[in-house]
Amino acid sequence: MLEWIGDAIDDGEVMERRFDVVRDGDRVPGVLWTPATATGPTPLVLLGHGGAGHKRDDSRLDYAHSYVASGLAAAAIDGPFHGDRAPAEPGDRPYDEALVDSMVADWRATLDALTGLEEIDGDRVGYGGVSMGTMFGLPFLVADGRVGVAVLGLCGLRGDGEVDGGLYGRIAADAPRLECPVLFVMQWDDELFERDSVLALYDALGSADKRLVANPGGHAETPPHVRLTTHAFLVDALTAAE
């Protein structure tokens, strides 16, 4: 069930609406951006944030406004322990398979709610999320066949030396099951994921149409032109049938 929170923000070009999706008694906080002057159902891009972000961080806002400018809608939700879901007390929280299952259910419930809106074209849905956005996004894409195209990356099959079981074991198991076209982004000198582990994840992706974009630099040093490339990839795919 979707509940709108507060008043919509309309700047004449972008309509921004805060919502909660209620799932099994829990609330999943999210934001929906749509063209303010839309006249019919629009394609939707789901935005997964990274480990230091949230549903309305600067990067999500930038992506959302750029997609709306191209005639699409965009939506983001807070991942576990982030944004409005951040715990009151600091401390380590397990990123395990149970958490993956919970986040997959959050995304699926969110997509159920949003595709029930008249302004959203449920037949044209994309996903963009790197780093933590890939950790939770890849299992979601595999679990839900409604997403037709995706941008993933900045992630590998090993993190902190772990590959068997847990979060990375789940990614390894799900990667060959991915079927939608995917643009995969990597940083050649990523300090968080060994280069071989990132390439191993790309190799493992089951998509017949998969493309790799690699640039020098560390995890947070993706050059600006990559944003343009990923934007064009999703927009082209979601508007091709228009």
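**View A. The largest pocket and its lining.** The largest pocket is lined by 28 residues, and Ser59, Arg60, Val130, Leu154 and Arg227 are the ones nearest its centre. A pocket here is an open set of points on a 1 Å grid over the protein atoms alone, with protein on both sides within 12 Å along at least five of seven lines, and lining residues have an atom within 4 Å of a point. This is a predicted model, where local features need pLDDT of at least 70, side-chain atom pairs count only at pLDDT 80 or more, and totals for chains, interfaces and linings use all residues. Residues are numbered from 1 along each chain as its sequence is written, and side-chain values use heavy atoms, with hydrogens and water left out. Two or more lining residues come from each of β4, α1 (58–69), β6 (120–129) and α6 (224–239). (Helices are DSSP runs of H or I with at least four residues, strands are runs of E with at least two, and both are numbered from the N terminus.) The pocket's volume is about 640 Å³, counted as the space filled by probe spheres set on grid points joined across faces, edges and corners.

View B. Search the whole structure and you find one cavity of 30 Å³ or more; a cavity is a set of points where a 1.4 Å probe fits but cannot get out. The largest cavity holds about 60 Å³ of space. Its lining includes Leu47, His49, Trp107, Tyr127 and Phe136. Helix α3 gives the largest share, four residues. Sorted by class, the lining has seven nonpolar, five polar and no charged residues. (Ala, Val, Leu, Ile, Met, Phe, Trp, Tyr, Cys and Pro count as nonpolar, Asp, Glu, Lys and Arg as charged, and the others, Gly among them, as polar.)

**View C. Where α2 meets α4.** The axes of α2 and α4 (residues 166–174) come within 7 Å and cross at roughly 60 degrees. Axes are lines fitted to C-alpha atoms, for helices over the stretch in contact, with angles from 0 to 180 degrees between N-to-C directions. Glu97, Val100 and Asp101 of α2 touch Gly166, Leu167 and Arg170 of α4, contact meaning heavy atoms within 4.5 Å.

View D. Strands β1 (residues 2–10) and β2 (residues 14–23) run antiparallel, joined by six bridges; pairing takes at least two DSSP bridges. Trp4 sits opposite Phe19 in β2. Between the strands are three residues, and Gly12 of this hairpin has a positive phi near 95 degrees.
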